[in-house]
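Subject: Structure handover

Hello,

Here is the structure you are taking over. My notes on what was found in it follow below.

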Amino acid sequence: MRKYLVTLTALTLMCFTNVVAYAGPLSAASAVPVEEAVVLPAVVFDVSSGIKSFDKTESTFDESRTISGSSEQGAVIAISVSTKNADGNLKVNSAYNIEVGASGLFSQTIELAVGENVVKISVCKDGCSAVDEEATIKRKKREIKNELENGISIPGDSSFTIKSSSFTISNPIK
Amino acid sequence: MKINKIINFVILGLVATAVIQTGKLWLGDMTSHNFFYTVFASLGDNYTRTLGNVEVIEAEKIAVGYGNKKFSIIYPTNENSITGLGNQVIKETLSKGKYIGTSDINWNDYLNSKAVVYSYSFPVSILEYTKGFKEKAEEVTSNVKSFDEIAIVPSRNSTEELNVYFINNSEFHEAYCFSLDRSGSGEKLYAAIEKYQQTYEGNLIYNSTIQSGFYLIKNNVFVPQWTQESLKYSSLKRVNPYASNGIVYKDLLENGLSSFFTNQSAKWDEQDESGVYMFSDENNVVKYYEDGILEYYNYDTYESSNEQTLATAYTASQNFLKKDSTLKTGIFLADVELRSDGLLVFSYDYTVDNLPVLISNDVKEKSNISHAVEVTVKSDTVKRYKRYAYNFEISETNDSTANMDFITAVDNSSKDNLTEIQDITLGYCVENNDSVKLKWFTEINDEIFISNVLK
């Protein structure tokens with residue numbers, strides 16, 4: 001009888017007692033070496049002309065833009081020019097791939113559509129981590145430039161415009 | 001009464017002069033708006049009379065900048081409103097330009113807005129240059145010694161100041177700035193640049209290597225680029241002016257070369273065993289070789305008493321070139337060399353459609369000629385004239401393709417350690433056949449590499 005009770009008590013205790021094992025603190029002596037993550041250097045890349053500043057919007061009246069710069073020999077530069085379609089999604093209008101040669105130079109003329117052009121530049125090279133940049137170039141219609149150059153706007157109110165060629169005042173100054 | 005009549009005539013004379021002056025002020029651009037200077041002061045000026053007929057030393061090529069990092073190239077042999085107006089602005093600068101100062105060369109200052117850049121292949125003495133404009137130009141000559149480029153930055157209207165920079169890149173690496181007030185020509189030049197930009201139909205747009213940040217290229221060079229994957233262009237055909245159906249005729253030669261002889265009846269001719277034609281009189285000899293080389297020699301011992309200068313010798317070479325009636329293709333001044341014996345050699349190359357036509361190394365070696373045309377002048381007389389005697393015409397419109405850009409051409413030309421590129425040009429390359437196509441000419445360490453335009 002006693003044996004049964006002892007056995008039952010032991011079994012009950014075993015069922016309701018959580019045995020939790022915790023890993024002890026890792027000491028230097030017992031540490032197992034883990035493979036270190038390889039960090040690749042970023043590919044050297046510089047745009048010296050064609051993009052004034054990444055992450056900013058710039059405006060132009062030109063139909064095309066030449067993007068020039070330098071990088072490492074063997075680097076591959078992918079340039080894409082996209083505009084937003086009616087659904088608001090980016091649609092790639094043109095794409096260019098350039099492999100940088102011994103001179104380390106690259107230059108690509110891209111065509112710009114009227115409106116906002118999102119220019120994405122991606123540079124990669126074996127053994128290096130890729131570099132991605134993006135810029136927005138807003139192309140305006142040339143007619144606007146001609147109007148701006150041929151008219152003089154009185155500061156303060158854009159509705160007053162004096163045509164410099166004909167000297168007619170469209171709205172008399174009150 | 002007599003005194004009254006004299007007074008009346010004087011008044012009439014002054015009135016007439018005033019009317020003429022006012023008319024010119026309205027319709028043209030006077031050197032000075034000073035009534036007395038223009039009419040009376042110039043009467044006493046002997047400077048222009050002593051100069052005689054001296055030509056303006058023309059640039060090798062002219063770059064037209066639109067202010068948006070895009071350029072076009074014009075060769076001065078082609079008549080163009082921009083070159084004419086540019087020369088007027090230079091003349092005004094020589095006459096009344098105000099010296100601003102000397103500074104380091106800063107191409108961004110000159111090229112960020114509309115500009116015209118004249119490029120020379122050698123340093124030009126300012127004194128010799130001003131002779132062609134018949135201007136004493138004391139303000140300019142006292143501050144500039146020589147230059148190899150001129151940058152004109154015109155203003156939109158004549159009320160704004162215009163700047164002209166004489167740039168010495170090869171010797172002193174300096175720019176000499178002059179400003180011009182109330183320049184009517186400057187305003188017209190600005191408008192002409194805008195119009196040229198709008199009406200330009202060519203396939204090539206040029207970029208400045210300095211503006212593009214290509215410091216591997218030593219000096220500022222204007223390099224062509226195309227927006228599409230490839231460039232469609234027209235090849236040239238080489239035409240012998242002395243031949244018909246590929247056969248050289250003595251009659252054609254004789255007619256073409258007659259302008260080199262003053263007395264036609266005193267001329268005699270012969271053809272030797274190697275096929276070389278020779279025409280000669282007492283003082284002049286002209287030879288024509290089978291490979292198309294024309295050589296002229298002047299053995300006249302008469303020498304002018306006037307001292308030869310660069311400007312007078314250049315004028316002599318230009319006047320001689322006009323005599324060559326079979327020279328139909330445009331040419332540009334590519335180099336000038338002063339030899340130890342006092343001979344000045346002016347070297348020219350051909351140009352078609354605002355692109356240079358350059359001779360390949362094979363043709364140079366075979367014909368012993370370094371440029372298409374060489375004019376040797378001594379005592380303002382042409383002593384020797386050597387020409388690769390062909391003309392070049394566009395064969396068919398857009399019959400050829402180029403798809404290798406200038407950077408790839410540089411990459412292909414470069415050796416193991418590429419440190420500096422002196423120049424790079426896209427031009428037609430003359431080889432030993434009648435079809436002439438585009439090639440890249442890259443100058444590295446004084447050596448020229450010629451590479452294809454097709455990958």
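Of the 174 residues of chain A, 29% count as buried, where buried means under 20% relative accessible area, exposed over 50% and partly exposed in between, with a 1.4 Å probe and protein chains only. This is a predicted model, in which local features need pLDDT of at least 70 and side-chain atom pairs count only at pLDDT 80 or more, while totals for chains, interfaces and linings use all residues. Residues are numbered from 1 along each chain as its sequence is written, chains are lettered from A and ligands numbered from 1 in the order in which they are written, and side-chain values use heavy atoms, with hydrogens and water left out.

Chain A

Chain A has two helices and 10 strands; these are DSSP runs numbered from the N terminus, helices being H or I of at least four residues and strands E of at least two. Read from the N terminus, the order is α-β-β-β-β-β-β-β-β-α-β-β. Among the contacts in chain A (heavy atoms within 4.5 Å) with a separation of 6 or more, 59% are between residues 24 or more positions apart.

Five strands of chain A make an open sheet with mixed pairing, in the order β2-β8-β7-β4-β5; two strands pair if DSSP finds at least two bridges between them. At the edges are β2 (57-60) and β5 (90-99) of chain A, each with a single partner strand, so one side of each has no neighbour in the sheet. From one strand to the next, the twist averages 25°, taken between axes that are lines fitted to C-alpha atoms (for helices over the stretch in contact), with angles from 0 to 180 degrees between N-to-C directions. Inside this sheet, β4 (residues 76-84) and β7 (residues 115-124) of chain A are antiparallel and share seven bridges. One of the partners in β7(A) is K120(A), which is bridged to S80(A).

Chain B strands

Strand β25 (residues 423-430) of chain B has seven of its eight residues buried. It runs parallel to β20 (residues 355-359) of chain B, with three bridges, and V357(B) is the bridge partner of Y428(B). With β26 (residues 435-444) of chain B, β25(B) runs antiparallel over seven bridges, and the two form a hairpin with four residues between them. C429(B) is opposite K437(B) there.

N207(B) lies in β8 (residues 205-208) of chain B and is buried at 4% relative accessible area. Its side chain reaches the backbone oxygen of K69(B) at 3.1 Å, a polar contact (a pair of N or O atoms within 3.5 Å; within protein, one must be able to donate a hydrogen and the other to accept it, and residues adjacent in sequence count only if both atoms are side-chain atoms). Residues touched by N207(B) include T66(A), F71(B) and V223(B).

Cores and rings

The largest nonpolar core has 128 residues, and F166(B) and Y385(B) are among those with the most contacts inside it. A nonpolar core is a set of buried Ala, Val, Leu, Ile, Met, Phe, Trp, Tyr and Cys residues joined through side-chain atoms within 4.5 Å.

Over all chains there are 26 aromatic pairs: rings of Phe, Tyr and Trp (its six-membered ring) with centres within 6.5 Å, stacked under 30 degrees between planes, edge-to-face over 60 and tilted for the rest. Y297(B) and Y299(B) are stacked, at 6.1 Å centre to centre and 10° between the planes.

Regards

Key. Lists of a residue's contacts leave out its neighbours within four places in sequence.
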